[in-house]
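Trainee: I have a structure open and would like to go through it with you. Can we start with the record and then look at ligands and helices?

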Amino acid sequence: MAAAHSLLHLAAPKPPAPASAHPPLGAALLRLLPARRPHRLVASCSSALPDLAAFPNPNGLLVAEPAEPAISQVATETELRENGPRSTRRTKLVCTVGPATCGPAELEALAVGGMNVARLNMCHGDRDWHRKVIDAVRRLNEDKGYAIAVMMDTEGSEIHMGDLGGAPAAKAEDGEIWTFSVRSFEAPLPELTVHVNYEGFAEDVRVGDDLLVDGGMARFEVVEKLGPDVKCRCTDPGLLLPRANLTFWRDGSVVREKNAMLPTITSKDWLDIDFGIAEGVDFIAVSFVKSAEVINHLKSYIAARSRGSDIAVIAKIESIDSLTNLEEIIRASDGAMVARGDLGAQIPLEQVPSIQQKIVKLCRQLNKPVIVASQLLESMIEYPIPTRAEVADVSEAVHQRADALMLSGESAMGRYPDKALSVLSSVSLRIERWWREEKHHEALELDDVSSSFSGKISEEICISAAKMANKLEVDAVFVYTKGGHMASLLSRCRPDCPIFAFTNSTSVRRRLNLQWGLIPFRLTFSDDMESNLNRTFSLLKARGMIKSGDLVIALSDMLQSIQVMNVP
Ligand SMILES: Nc1ncnc2c1ncn2[C@@H]1O[C@H](COP(=O)(O)OP(=O)(O)O)[C@@H](O)[C@H]1O
Ligand SMILES: C=C(OP(=O)(O)O)C(=O)O
Ligand SMILES: [K+]
Ligand SMILES: [Mg+2]
């Protein structure tokens, strides 16, 4: 299995890195050119399924356990098949699917490597392309028993450059005068000219503003405005990539003029959302959220259209306005993403780490899953190993106990998608094992989140169960939950053991797959709790995930009960 392999790999002494790896600043720009040309890259893939008898134990080490001689008659073959192979890693992994990973074999390799959620970025590709990926993920779930959720990420109305007339990139040199124009051009573009997608651009900018491409990969100063054309002098040379994001800065902050009035959800986004609802995606991530209203609006739209099948709405925190209205946005949403790519282009970079920490904490308090995204392993777009600094960044996000980590370009168009995923997985497992070894239980005081009395009971049951789990060092907590709420309340307490969550709904199961520590299974509940317990024990014993004698805690949201017992 990829995770265990790379765990060993990280622990073993490494041969010296090739001289070209992790080049200094200047070369870093050059390496972007081939790396960001999507179609050149082909991911390695493996269609091998992991050995069902070999699973990471709660400490994250791979242990080969003999398969049960005979699967107990209470866990049916169907349940085993539909619940597929599982891992006990607590931190969840989101992979952006792109040209490097869209084939069935490449997707299966990501599934084997531990992908919990597949993300589709609607900025790229057409709907047919996205539909094929969704179908392939669904087939993997049905045929192999995975519960991989699909997250659709909207394009939103960011300001970006055009597609450079089909060129893969353009180099801007120091002192050159470039024209940024709102006119549309027939290809080929005039020399030193780029198109800007936002019509108000030429009105909004002022002479003297700084224009940043991709948060600073190249920098220009506005020197002259001529109707639709804005003449800019290059002050930091760099590469311009197709559809690169643009921000303009005045007196040390990002300028928000009429561009602040751009809609969060554009007419193209609404069509994509209709597509997502029709395809039954599990999450919709909304780009450049500014207020809670847009989230409420989308949620009621989904409720009216999707007839029962619930789609969770994730707010991407990546603009200045989202920071001003952070708490009400998160309260309105079903989860949040720290979208550090655009966030780092809108606020000074040195503010990003503390804001990440604040968002992760707030989401935990409010019981909303949180994803830390962008550039976690950026160098792995081109190189087979990460930088030490990237490993430290991933460790920090795991240490903050974020629900999930996300790959973007690394999995969408990088050369080493599987290796990048395996680094996320092995670093997560290693940090998680470290807590257990050091008995670093979380001491975070949690405020009440439930408004109803019955909700408060569930909340208290989960807080007590998590405390008991840590104090008694139990091997696992079992939670039986219809809508998933009790499982998420338990996940919020971050108990230091695997949480096996059983639900009778396949879509709830997929949504729970984004949340910290939850290992969701589908089970047809019976009214008899004893029978539910026994069926799940034999299901997990057959998978080598628990064994006779293990100490476990079982919770149910139907009975609002808590039990401590040894596995028979
Ligand atoms: N569906 C897709 N089709 C083609 N290329 C894609 C797709 N999804 C992602 N990519 C590539 O992967 C890169 C990184 O993905 P992501 O971070 O999601 O997008 P962006 O860089 O536009 O914010 C993109 O810039 C693009 O080159
Ligand atoms: C995740 C992000 O959004 P996108 O990749 O869609 O720009 C980000 O900006 O960090
Ligand atoms: K997007
Ligand atoms: Mg973004």
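**Record, ligands and helix packing**

Mentor: An unreviewed UniProt entry places the feature "domain: Pyruvate kinase C-terminal" at residues 459–558. Keep in mind that this is a predicted model.

Trainee: What is the helix and strand content of residues 459–558, and how far apart are the end C-alpha atoms?

Mentor: The span is 43% helix and 21% strand. Its end C-alpha atoms lie 14 Å apart.

Trainee: Ligands next. How many residues surround ligand 1, and which are the closest?

Mentor: Ligand 1 has 14 residues around it. The closest are Gly98, His124, Gly125, Ser408 and Ala412.

Trainee: How does the shell around ligand 1 divide into nonpolar, polar and charged?

Mentor: There are eight polar residues, five nonpolar and one charged.

Trainee: And which residues surround ligand 2?

Mentor: The shell of ligand 2 consists of Asn121, Cys123, Asp153, Ser287, Glu318, Ala339, Arg340, Gly341, Asp342, Ala373, Ser374 and Ser408. By class, four of the residues around ligand 2 are charged, five are polar and three are nonpolar.

Trainee: Which helix gives the most to the shell around ligand 2?

Mentor: Helix α11, residues 340–346, with three residues.

Trainee: What about α13 and α15? At what angle do they cross?

Mentor: Roughly 55 degrees, with the axes coming within 9 Å; helix α13 is residues 388–399. That angle makes α13 oblique to α15. The two cross in a right-handed way.

Trainee: Which residues are in the contact there?

Mentor: Helix α13 brings Val391, Val394, Ser395, Val398 and His399, and α15 brings Leu424, Val427, Ser428 and Ile431. In the contact of α13 with α15, six residues are nonpolar, three are polar and none is charged.

Trainee: Back to α4. How does it cross α5?

Mentor: The axes of α4 and helix α5, residues 127–144, come within 10 Å and cross at roughly 55 degrees. Helix α4 is therefore oblique to α5. This crossing of α4 and α5 is right-handed.

Trainee: And which residues touch?

Mentor: Pro104, Leu107, Glu108 and Ala111 of α4 are in contact with Ala136, Val137 and Leu140 of α5. Six residues in the contact of α4 with α5 are nonpolar, one is charged and none is polar.

Key: Residues are numbered from 1 along each chain as its sequence is written. Chains are lettered from A and ligands numbered from 1 in the order in which they are written. This is a predicted model: local features need pLDDT of at least 70, side-chain atom pairs count only at pLDDT 80 or more; totals for chains, interfaces and linings use all residues. A residue is near a molecule or strand if its C-beta atom, placed from the backbone, lies within 6 Å of it. Ala, Val, Leu, Ile, Met, Phe, Trp, Tyr, Cys and Pro count as nonpolar, Asp, Glu, Lys and Arg as charged, and the others, Gly among them, as polar. UniProt positions are given in the numbering used here, feature names are shortened, and annotations may be inferred rather than shown by experiment. Helices (H or I, at least four residues) and strands (E, at least two) are DSSP runs, numbered from the N terminus. Axes are lines fitted to C-alpha atoms, for helices over the stretch in contact, and angles run from 0 to 180 degrees between N-to-C directions. Angles under 35 degrees count as roughly parallel, over 145 as roughly antiparallel, 65 to 115 as roughly perpendicular and the rest as oblique. A crossing is left-handed if the near helix is turned anticlockwise from the far one by less than a right angle, and right-handed if clockwise. Two residues are in contact if their C-beta atoms, placed from the backbone, lie within 7 Å.
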